[in-house]
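Biologist: I've got a model open on my screen and I'd like to learn how to read it. Could you walk me through it?

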Amino acid sequence: MLRYRIYADAAADIPADVQKRYNIGILPIAVTMGEQTYQSGTELDNDEFYRLMEAYSGIPVTSQITPFTFEELYARELKEGTKHLIVLLINSEGSATYNNAVNTRERFYADNPNAAEQMQIHLFDGASYSGGYGYAAILAAQKLEMGVSVEEVLGMIQDQLDTQRIYFGLYTLKYAGKSGRIPGAAVFVGEALGIKPIMQVWDHQISTVGKARGDKKLVKEIAKMVVNDIEPRTPYSLVYGSDAMALEEIREEMTKKLGYPPVYDFQVGAAVAINAGPRVVGVVFETKAKLLKKGK
């Protein structure tokens, strides 16, 4: 009998070694490019996705995780004797995945009258992307391994989701222009002037909150914004794409400014890269601002 099991979807970008260390299950997300569909998080790693994306002239499309997948997950974990199934999922305003999970849970309990007594299914709307909710999944796994009660950990997950903010910068506007995230005219002018937008992921939304002129200033501008907004002395993580040098640059800058290093590196996968491109860099952190949400 398993006291608990934690799952996240592939868009949480949890590093493979961390997945293995804490036995975090990963639900793949389908990515379609032309006639070909790949399962991000299982059969397609990020480096291969970046290579395919660069060669593809269209816009890659990610698909929601289907009710059938959740039905299989719930049935399998019930059979294995899991008492608490904890699942963190991609931003509900960017994907139908979370709603599929909730609706399937209702049907699953209706079709299996004794299931609710045997296994509690705890679903969380990540309200973000990448480490914005991937970090909460890792922290939950760590606390549960230490013997913290499931009830306490569930509250901690929601607290984390309510405070995690991401600032990340784009080195190119090409992909944001393709996806419609930034208007075509702005992309043309921005590329011509060397303007690098800084984006925010916060409370389900992605928005432009700043800019830097040139590659060299991008990391410094992101770091300055994070220092202004981070809850003092709280852990933070880095997000990055295909550029390992940019990752090390922001690691050095953040460590210098805050006096302590990041706890994790999250390499963004398809869910972020289709809108931002593979060359991104940023910081996931606990913001001073708090969101008031009802627990799921």
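Biologist: Let me begin with strands: which residue in strand 5 does V31 stand opposite?

Modeller: General idea before the case: strands of a sheet pair through backbone hydrogen bonds, either parallel or antiparallel. Here V31 stands opposite T62 in strand 5. Before we go on, this is a predicted model, where local features need pLDDT of at least 70 and side-chain atom pairs count only at pLDDT 80 or more, while totals for chains, interfaces and linings use all residues. Residues are numbered from 1 along each chain as its sequence is written, and side-chain values use heavy atoms, leaving out hydrogens and water.

Biologist: How many bridges join strand 3 to strand 5?

Modeller: Two bridges join strand 3 (residues 29-33) to strand 5, and the two run antiparallel. Strands here are DSSP runs of E with at least two residues, helices are runs of H or I with at least four, and both are numbered from the N terminus. Two strands pair if DSSP finds at least two bridges between them. An open sheet of three strands has the order 4-3-5, with antiparallel pairing. Its edge strands, strand 4 (36-40) and strand 5, each pair on one side only.

Biologist: What about parallel pairing: which strands pair that way with strand 1?

Modeller: Strand 6 (residues 84-89) pairs with strand 1 in the parallel sense over five bridges, and A8 has L88 as its bridge partner there. Strand 2 (residues 25-27) is also parallel to strand 1, over three bridges, with L27 as the partner of D9. Strand 1, helix 1 and strand 2 make a right-handed β-α-β unit; right-handed means that, with the strands pointing away from the viewer, the path from the first strand over the helix to the second runs clockwise.

Biologist: Why is strand 1 called largely enclosed?

Modeller: Because five of the six residues of strand 1 (residues 4-9) are buried. Buried means under 20% relative accessible area, exposed over 50%, and partly exposed in between (1.4 Å probe, protein chains only).

Biologist: Is K211 buried or exposed?

Modeller: K211, in strand 10, is exposed because its relative accessible area is 58%. Leaving aside residues up to four places away in sequence, K211 touches I195, K196, P197, I198 and E221; contact means heavy atoms within 4.5 Å. K217, in helix 10 (residues 215-229), counts as exposed too, at 53% relative accessibility. K217 and K196 are 21 residues apart in sequence and 8.9 Å apart in space, C-alpha to C-alpha.

Biologist: Now pockets: how much space lies in the largest pocket?

Modeller: The general idea: rolling a probe the size of a water molecule over the atoms shows where empty space is left. On a 1 Å grid over the protein atoms alone, a pocket is an open set of points where a 1.4 Å probe fits, with protein on both sides within 12 Å along at least five of seven lines; lining residues have an atom within 4 Å of a point. The largest pocket holds about 390 Å³, its volume being the space filled by probe spheres set on the points, with grid points joined across faces, edges and corners. Its lining has 17 residues, of which I14, P15, A16, Q19 and N46 lie nearest the centre. Helix 1 (16-22), helix 2 (46-55) and strand 12 (265-267) each give two or more residues to that lining.

Biologist: Which residues lie nearest the centre of the second largest pocket?

Modeller: T62, I90, G94, S95 and Y129, out of 19 lining residues. About 280 Å³ of space lies in this second largest pocket, and helix 12 gives the largest share of its lining, three residues.
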